Amino acid sequence: MEGLLVKVSEAAWSRVQRILLAVAALSWLACALGVATNPRQFYASYLVGFMYFLTIALGSAFFLMAWNLSGAVWSLPVRRLMEALAATLPLGAVLFLPVVAGIGSLYEWSHPEFFSNDPVLQVKVIFFNRTFFLARAAVYFLVWSLLSLALYRISLRQDLDSSAQAVRKAVFWSGPGLAALMVTVTMAAVDWLMSLEPHWYSTIFGIYVFAGGGLAFLAALILLAQAFRRGGLLAEAIKVDHYHDLGRWLFAMVVFWAYIGFSQYLLIWYANLPEETIWFRHRLDGNWVWVSASLLVGNFIVPFLVLISRGAKRNPAVLGGADTVRVTEQEKHH
């Protein structure tokens, strides 16, 4: 990865920074207009976008720690890209502020009278209240920030001295960090997404969100690697064999995501309990049925049929095309 640091000029990086700052300014302006014109729709749409990109960063942190523990050498050429994506997690705390501002609009349970009118949910009042909700969110971002920044700094230190101690430190952080990540992401999925429908529950939903984030991360990683390659960077570092490995991981995650999604659907369909089936009922009503169908086709069937071929995994153009379909459909679902 040293070649990447040498080849990116300060002028090019400054230009990228200016573009990002301009995009950020326009985005916050659009957010302000959304709040002013239609607050309820804005907060719902913002939560979709926030969770979509946050889960990509969380997926990056997961695979970064998993590959540290496994000692995978093949992933070294793309490690810096993984670390850069994971290092954006501290910014998630700032981007979470609009969600905090929209708690009253997003979550029914944020209104005290909601629980008094529904005795079935009385047991949840201890867990779903604004104070505890915000306290848990602070813990999530603290854990994610500590893990991502610690691993990033260890990697930078390793570039300077190339010592085995840095590798041991990365493994030391990755072990408990992986367990902490699994717990906090599952709880965050319940807090920020599942509680949008407080009557509904699923024991699989946390891993379903986790699987979607890991899948979106791999697709984003492949597209980033290809973008750097087209820009004249990493052309010598990331070979066809690396794309093949990434393609195999992407294929595995496509299958895993579909397996988790179908498992959730099958168990709820089989039990046929109203408080569980209502979640799928909403997503098979009206025009939403076409969104659900496009998710099945674009997020599973098309990538599965394309990526099952060895040649497709070794062809950057075909691999990137499958990623584009997959990323688009995942955003629709959220």
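How many salt bridges does a search of the whole structure find? In this predicted model, the search returns 7 salt bridges. One of these links Glu83 to Arg80, with the closest N and O atoms 2.4 Å apart. The two residues lie 3 positions apart in helix α4 (residues 79–86) and are therefore separated by about one helical turn. Both Glu83 and Arg80 are buried.

A salt bridge also joins the side chains of Arg248 and Asp245, at an N to O distance of 2.4 Å. Because these residues are 3 apart in helix α12, about one helical turn separates them. Arg248 is partly exposed, with a relative accessible area of 44%, whereas Asp245 counts as buried at 14%. The side chains of Arg281 and Asp285 form a further salt bridge at 3.8 Å, N to O. Both partners of this pair fall in the partly exposed class, Arg281 at 48% relative accessibility and Asp285 at 42%. Through shared partners, salt bridges connect Arg79, Arg80 and Glu83 into one network.

Helix α12 (residues 240–271) also contains Tyr270, which is exposed at 69% relative accessibility. Together with Phe262, Tyr265, Leu266 and Trp269, Tyr270 makes a nonpolar surface patch of about 630 Å².

The largest cavity has a volume of about 40 Å³ and is lined by Thr55, Leu58, Gly59, Val185, Val209, Phe210, Gly213 and Gly214. Two or more lining residues come from each of α3 (39–70) and α11 (205–230), with α11 giving the most, at 4 residues. The lining comprises 4 nonpolar and 4 polar residues, and no charged ones.

Methods: Residues are numbered from 1 along each chain as its sequence is written. This is a predicted model: local features need pLDDT of at least 70, side-chain atom pairs count only at pLDDT 80 or more; totals for chains, interfaces and linings use all residues. Side-chain values use heavy atoms; hydrogens and water are left out. Patches are made of residues with over 30% relative accessible area and no salt bridge: like charges are joined within 9 Å, nonpolar side chains (Val, Leu, Ile, Met, Phe, Trp, Tyr) within 5 Å. Accessible areas come from the Shrake-Rupley method with a 1.4 Å probe; for residues, only the protein chains shown count as cover. A salt bridge is a side-chain nitrogen of Lys or Arg within 4 Å of a carboxyl oxygen of Asp or Glu. Buried means under 20% relative accessible area, exposed over 50%, partly exposed in between (1.4 Å probe, protein chains only). On a 1 Å grid over the protein atoms alone, a cavity is a set of points where a 1.4 Å probe fits but cannot get out, and a pocket is an open set with protein on both sides within 12 Å along at least five of seven lines; lining residues have an atom within 4 Å of a point. Grid points are joined across faces, edges and corners, and a volume is the space filled by probe spheres set on the points. Ala, Val, Leu, Ile, Met, Phe, Trp, Tyr, Cys and Pro count as nonpolar, Asp, Glu, Lys and Arg as charged, and the others, Gly among them, as polar.
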